Amino acid sequence: MEGKLIERLEAAVTRLEALSAGGVSARDLPDVGVEVASDPSIVAFDDLMANYAARVSAAAEKIGGQVLDVTKILVEALSVQKKLLIEIKQTQKPDMAGLAEFLKPLNEAIMKVNAMTEGRRSDFFNHLKSAGDSLSALAWIAYTGKDCGMSMPIAHVEESWQMAEFYNNKVLVEYRNKDPNHVEWAKALKELYIPGLRDYVKSHYPLGPVWSASGKKASTAPPKASTPGAPAPPPPPPASLFSAEPSQPSSSCPKQGMAAVFQEINTGNVTSGLKKVTADMKTKNRTDRTGIVSAGEKETRSSSSSFSKAGPPKLELQMGRKWVVENQIGRKNLVIDDCDAKQSVYIFGCKDSVLQIQGKVNNITIDKCTKMGVVFKDVVAACEIVNCNGVEVQCQGSAPTISVDNTSGCQLYLSKDSLGASITTAKSSEINVLVPAAESDSDWGEHCLPQQYIHVFKDGQFETTPVSHSGGRK
């Protein structure tokens with residue numbers, strides 16, 4: 001027994017020495033006892049670094065430049081997380097202010113990557129954004145319970161990677177036929193999180209980190225950062241996680257009800273199309289779900305009719321960077337009005353609802369929604385519609401890319417500024433695009449996108465053409 005224990009301790013020390021090149025030296029780590037060093041969760045994290053992070057680093061070494069620089073910071077952030085996991089096993093659970101200070105080293109590592117994406121875009125912008133957005137997954141360590149204002153650890157890792165995958169896919173597409181090292185880097189980065197970090201969290205921390213009941217107390221903030229965990233400025237991701245404002249962000253509060261929302265929409269450039277959203281979304285509503293809730297009934301309704309089987313409804317800003325709209329049912333007056341071009345919007349599991357995004361955002365993802373209406377002004381990167389059924393999406397400004405994947409029934413309303421958008425569809429049916437007429441008083445033109453194709457083998461390769469439909473235009 002003693003011999004095995006010594007072997008495990010020696011293996012743990014070897015791993016710690018190997019990780020010193022990743023940004024955390026041995027003197028930076030807390031005092032590690034035999035039990036902590038040989039703890040299965042710590043050993044498994046070392047394996048995560050050796051099996052997944054090392055593969056990302058190896059690909060980055062071949063690329064060099066900014067890709068190597070950002071990868072070193074990524075490995076440094078992972079090493080900092082390991083240091084925190086070791087300290088958690090020896091530390092009592094702090095309050096919110098103490099937690100923000102405790103996680104400050106991780107926040108600083110993530111901020112380094114964010115700083116690399118600012119200013120003039122480099123040739124490796126997609127690499128930098130992919131790595132930077134992916135690091136928000138490490139904030140799973142801040143989960144303290146169902147009322148902390150963030151998703152459970154496993155879901156948080158998956159959702160955070162969804163933010164980064166948009167840029168990661170761009171790297172894959174750009175270098176697919178140019179440089180295999182970049183392709184290897186992008187694939188290795190994804191596998192670091194999915195399945196790497198996700199499976200690690202699932203195996204060891206599905207309900208969040210377990211603090212020591214009899215350990216030392218978390219160190220208080222140094223004089224330089226003695227302010228308690230009030231929300232930091234938008235760039236530091238974890239700071240807003242620890243603030244005591246779960247879903248206060250403004251925009252979930254209805255202002256004048258559904259009628260006012262659609263009156264405002266219709267003053268723009270939507271006519272009959274969006275009216276169908278409000279009329280057709282009442283078939284499965286119960287009699288106790290009326291759409292407009294009085295102040296006295298608001299709490300009761302939120303605990304009954306507003307909850308879906310998947311979980312409680314959410315409309316909140318996470319880490320200052322990602323708006324999360326989840327499990328909203330029968331809500332026709334959802335509004336996000338305090339957003340900026342660095343933030344993304346993720347809409348998941350909503351039904352019979354309408355969301356307005358009043359401002360420019362970086363990316364919009366609509367996932368597993370049914371009979372959902374989304375109205376937005378401008379998007380910097382793309383609007384993605386995935387696994388949906390019967391959704392209506394209107395762009396009032398500009399959108400360079402719109403993608404529709406595995407969706408049945410989708411109405412897209414484009415403004416004059418978004419007519420140049422690139423629309424990509426895959427495994428989808430009943431996709432209609434409505435465009436404004438040349439004259440302002442004319443009817444909208446409706447175009448159906450083909451969902452059937454003819455493939456003919458000619459001159460040594462297949463030629464693919466869409467099946468033409470006589471009723472394709474109105």
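Four cavities of 30 Å³ or more were found in the predicted model. By class, the lining residues of the largest cavity comprise three nonpolar, four polar and two charged.

The protein chain contains 12 helices and 14 strands. Of its 474 residues, 49% are buried. Among contacts in the chain with a separation of 6 or more, 49% join residues 24 or more positions apart.

The mean pLDDT is 76, and 70% of the residues reach 70 or more. Strand β4 (residues 344–348) has the highest mean, at 94. Confidence is lowest in helix α12 (residues 298–303), with a mean of 40. One covers residues 269–279, where the model has 26 contacts beyond four places in sequence. The other covers residues 286–308, with 19 such contacts. Where pLDDT is low, predicted coordinates should not be read in detail.

No disulfides were found in a search of the whole structure. Cysteine 350 is in none; its nearest cysteine sulfur, that of cysteine 369, lies 4.6 Å away. A disulfide requires two cysteine sulfur atoms within 2.5 Å. Cysteine 350 is buried, at 1% relative accessible area. For cysteine 410, the closest cysteine sulfur is that of cysteine 388, at 7.8 Å, and this is too far for a bond. Cysteine 410 is likewise buried, because its relative accessible area is 1%.

Lysine 351 belongs to strand β5. Its relative accessibility is 28%, so lysine 351 counts as partly exposed. Its C-alpha atom is 5.7 Å from that of methionine 372, a residue 21 positions away along the chain. Alanine 115 lies in helix α6 (residues 104–116). Alanine 115 is partly exposed too, with a relative accessible area of 46%. Alanine 115 and leucine 128 are separated by 13 residues in sequence, and their C-alpha atoms are 9.8 Å apart.

Several backbone features were also examined. Most residues other than glycine have a negative phi, and most peptide bonds are trans. The bond between isoleucine 194 and proline 195 is cis, with omega about 20 degrees. Proline 195 falls in helix α9 (residues 180–204). Methionine 319 has a positive phi, near 60 degrees. This methionine sits in the loop between β1 (314–318) and β2 (322–326). Methionine 319 is buried, since its relative accessible area is 1%. Lysine 427 also has a positive phi, near 50 degrees. Lysine 427 occupies the loop between β10 (422–426) and β11 (429–435). Here the residue is exposed, as the relative accessible area of lysine 427 is 69%.

Definitions and conventions. Residues numbered from 1 in each chain as written. Predicted model: local features only at pLDDT ≥ 70, side-chain atom pairs only at ≥ 80, totals over all residues. Heavy atoms only, no water. pLDDT = per-residue confidence, 0-100. Helix = DSSP H or I, 4+ residues; strand = E, 2+ residues; numbered from the N terminus. Contact = heavy atoms within 4.5 Å. Buried < 20%, exposed > 50% of the residue type's maximum accessible area, 1.4 Å probe, protein only. 1 Å grid on protein atoms, 1.4 Å probe; cavity = no way out; pocket = protein on both sides within 12 Å on 5 of 7 lines; lining within 4 Å. Points joined across faces, edges and corners; volume = space filled by probe spheres on them. Nonpolar A, V, L, I, M, F, W, Y, C, P; charged D, E, K, R; others polar.
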